[in-house]
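I set out to record, entry by entry, what I looked up in this structure. The sequence and model come first.

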Amino acid sequence: MKKSLVILALVLLASNAFAFQPEVVGGIRGGLAVGFMGESSIARNADMRFALEASTNENPVILLLGGKFYLTTIGRKVPLSLGAGAVGYAGGKKSEVGVAISFIFDRMFDVKPLFFEFGVDVAGSGKILAQFGYKLY
């Protein structure tokens, strides 16, 4: 199971089929986490996302593959999107695979590349997800 998750992450990182926008993320994801995320537009209001993060959790490697779906704009400046996908926790004694559901607030504090993501990962047990990210243009 661990090998297939690592191979999937490598294929996504090496893929030339999509023009991914790189992002740096950090915060809480089952423990303190920091990592790299990529996002690519696949439709007018939908993006494909993947992430590779390191965590202080008992499984230190976190892999995410999912989508980001635009919902509405809060006020006139903060777009709100729904994030959903598959998440894998690996690198420890027991790897866990599950689903991730989150709300993504773009343009936080009126800073265009800054976003905040809040939600839950259900892999084995529920794990809180609260992290900031910065899009690298």
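My entries on the fold, the cavity and the aromatic side chains follow.

I worked from a predicted model, in which local features need pLDDT of at least 70 and side-chain atom pairs count only at pLDDT 80 or more, while totals for chains, interfaces and linings use all residues. Residues are numbered from 1 along each chain as its sequence is written, and side-chain values use heavy atoms, with hydrogens and water left out.

Fold. I found a closed barrel of eight strands in the order β1-β2-β3-β4-β5-β6-β7-β8, with antiparallel pairing. The twist averages 30° from one strand to the next. Strands are DSSP runs (E, at least two residues) numbered from the N terminus, and two of them pair if DSSP finds at least two bridges between them. I then looked up β3 (residues 46–55) and β4 (residues 61–74), which pair over nine bridges. Met48 stands opposite Gly67 in β4.

Cavity. One cavity of 30 Å³ or more is present.

Aromatic side chains. I noted four aromatic pairs, with ring centres within 6.5 Å. Phe20, Phe36 and Phe50 form one aromatic cluster.

Key. Helices (H or I, at least four residues) and strands (E, at least two) are DSSP runs, numbered from the N terminus. Axes are lines fitted to C-alpha atoms, for helices over the stretch in contact, and angles run from 0 to 180 degrees between N-to-C directions. On a 1 Å grid over the protein atoms alone, a cavity is a set of points where a 1.4 Å probe fits but cannot get out, and a pocket is an open set with protein on both sides within 12 Å along at least five of seven lines; lining residues have an atom within 4 Å of a point. Grid points are joined across faces, edges and corners, and a volume is the space filled by probe spheres set on the points. Rings of Phe, Tyr and Trp (its six-membered ring) pair if their centres lie within 6.5 Å; planes under 30 degrees apart count as stacked, over 60 as edge-to-face and the rest as tilted.
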